[in-house]
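Subject: Structure handover

Hello,

Please find the structure below, followed by notes on what was found in it.

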Amino acid sequence: MALHSAAKEEILSEFPALCCPPTPKHTPQKTKVTEETPYRLYNLIVPLDDFPPSIVFLGQIRMANSFRTAECQALWASAYLDGTLPLPSYDEMEAEIAYTIAFCQCRYPVSGGAGNYFFYDVISYTDKLLAELGLRSHKKVARKHVSGHLGAASRRVRNFFDPCFASDLREIVEEYKSIVEKGPLKPLRRSNTKQSTLSRASTFASVKTSKGVKKTD
């Protein structure tokens with residue numbers, strides 16, 4: 001509970017709009033899961049006490065479209081099980097889990113009780129999985145016949161505004177293999193990357209406002 005309280009305090013301090021969410025249109029669902037305990041899996045995939053790596057839980061996440069998550073979770077889980085994925089310390093993963101649960105509960109007051117609801121944050125979630133694998137998630141290229149500084153600007157604009165497609169991730173397996181061949185990866189640490197499970201480098205754009213919360217359930 002101490003970790004959860006600390007995580008919630010940090011979230012509300014960073015995103016004050018979540019302190020006063022709109023009145024929910026629906027009563028929060030009370031299920032056996034939410035009444036007993038939320039999900040407590042690192043990245044919503046692996047339990048903390050799984051050593052040596054032996055089990056993963058895929059698809060334990062609620063969202064609108066799962067094609068991107070399925071691809072990224074599968075690669076992350078494969079790397080975890082074959083021992084090529086370095087993980088943070090036990091304490092760091094435990095704090096990360098507490099942060100994820102607290103954020104889901106603050107971000108989605110109706111549906112986030114189990115700590116696995118990422119309806120509007122799926123891109124940030126998969127960004128985090130890919131970052132731990134040493135991969136980039138924003139892979140769109142510049143428009144045809146555009147190069148130089150305009151090409152770089154075109155890539156940034158497309159990565160920010162264009163929709164995500166399955167084809168965006170078509171080369172990540174080979175990219176990961178080439179990275180592993182060059183040497184062992186180093187674990188990402190939240191203290192120096194400023195990344196939670198929701199990838200703070202690019203997330204929460206829809207809630208980071210002092211005047212109101214956008215896109216809440």
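Which residues form a nonpolar patch on the surface? They are Val157, Phe160 and Phe161, with about 380 Å² of accessible area together. Areas come from the Shrake-Rupley method with a 1.4 Å probe, and for residues only the protein chains shown count as cover. A patch takes residues with over 30% relative accessible area and no salt bridge, nonpolar side chains (Val, Leu, Ile, Met, Phe, Trp, Tyr) being joined within 5 Å and like charges within 9 Å. A salt bridge is a side-chain nitrogen of Lys or Arg within 4 Å of a carboxyl oxygen of Asp or Glu.

This is a predicted model: local features need pLDDT of at least 70, side-chain atom pairs count only at pLDDT 80 or more, and totals for chains, interfaces and linings use all residues. Residues are numbered from 1 along each chain as its sequence is written, and side-chain values use heavy atoms, leaving out hydrogens and water.

Phe160 lies in helix α6 (residues 148-161); helices are DSSP runs of H or I, at least four residues, and strands are runs of E, at least two, numbered from the N terminus. Phe160 counts as exposed because its relative accessibility is 64% (exposed is over 50%, buried under 20%, partly exposed in between, with a 1.4 Å probe and protein chains only).

Helix α5 (residues 122-132) is largely enclosed by the rest of the structure, because nine of its eleven residues are buried. Among them are Tyr125, Leu129 and Leu130. Their cover includes α3 (67-81), α4 (90-107) and α7 (172-182). After α5 comes Gly134, with a positive phi near 80 degrees.

The protein chain has eight helices and zero strands.

Regards

How values were computed
Contact = heavy atoms within 4.5 Å.
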